Amino acid sequence: MWTHQNFAFKAGLQLPVIDDLSADQEQDDYRAKIELEWHL
């Protein structure tokens, strides 16, 4: 998170967790999110 005066910038990343118990696991699931806020 980065803020400057009335603005805020947030970023996040989701990484997959490897599950060794299940050999038939589907494809890995990666997600990213970027958010820009303006506080009035």
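Predicted model: local features only at pLDDT ≥ 70, side-chain atom pairs only at ≥ 80, totals over all residues.
**Entry 1: the patch.** I started with the surface and found a nonpolar patch made of Trp2, Phe7, Phe9, Ile34, Leu36, Trp38 and Leu40. Together these residues have about 940 Å² of accessible area.

**Entry 2: who supplies it?** Which strands each supply at least two residues of the patch? I looked them up: strand S2 (7–14) and strand S3 (31–38). S3 gives the most, with three residues.

**Entry 3: Leu36.** Is Leu36 buried or exposed? Leu36 has a relative accessible area of 66%, and exposed means over 50%, so Leu36 counts as exposed.

**Entry 4: Ile34.** Next I checked Ile34, which also sits in strand S3. Its relative accessible area is 66%, so Ile34 is on the exposed side of the 50% cut-off. Then I asked what Ile34 touches, leaving aside neighbours within four places in sequence. I got Phe9, Lys10 and Ala11. I also looked at Leu13, which is 21 residues from Ile34 along the chain. The C-alpha atoms of Ile34 and Leu13 are separated by 9.0 Å.

**Entry 5: the whole protein.** Stepping back, I counted three strands and zero helices. From the N terminus on, the order is β-β-β. The protein has 40 residues, and 5% of them count as buried. It exposes about 4,200 Å², with carbon and sulfur atoms supplying 55% of that area. Last, I looked at contacts with a separation of 6 or more: 38% of them are between residues 24 or more positions apart.

Terms used
Residues numbered from 1 in each chain as written. Heavy atoms only, no water. Patch = residues over 30% accessible without salt bridge, like charges linked within 9 Å, V, L, I, M, F, W, Y side chains within 5 Å. Areas by Shrake-Rupley, 256 points an atom, 1.4 Å probe, with all protein chains shown as cover. Salt bridge = Lys/Arg side-chain N within 4 Å of Asp/Glu carboxyl O. Helix = DSSP H or I, 4+ residues; strand = E, 2+ residues; numbered from the N terminus. Buried < 20%, exposed > 50% of the residue type's maximum accessible area, 1.4 Å probe, protein only. Contact = heavy atoms within 4.5 Å.
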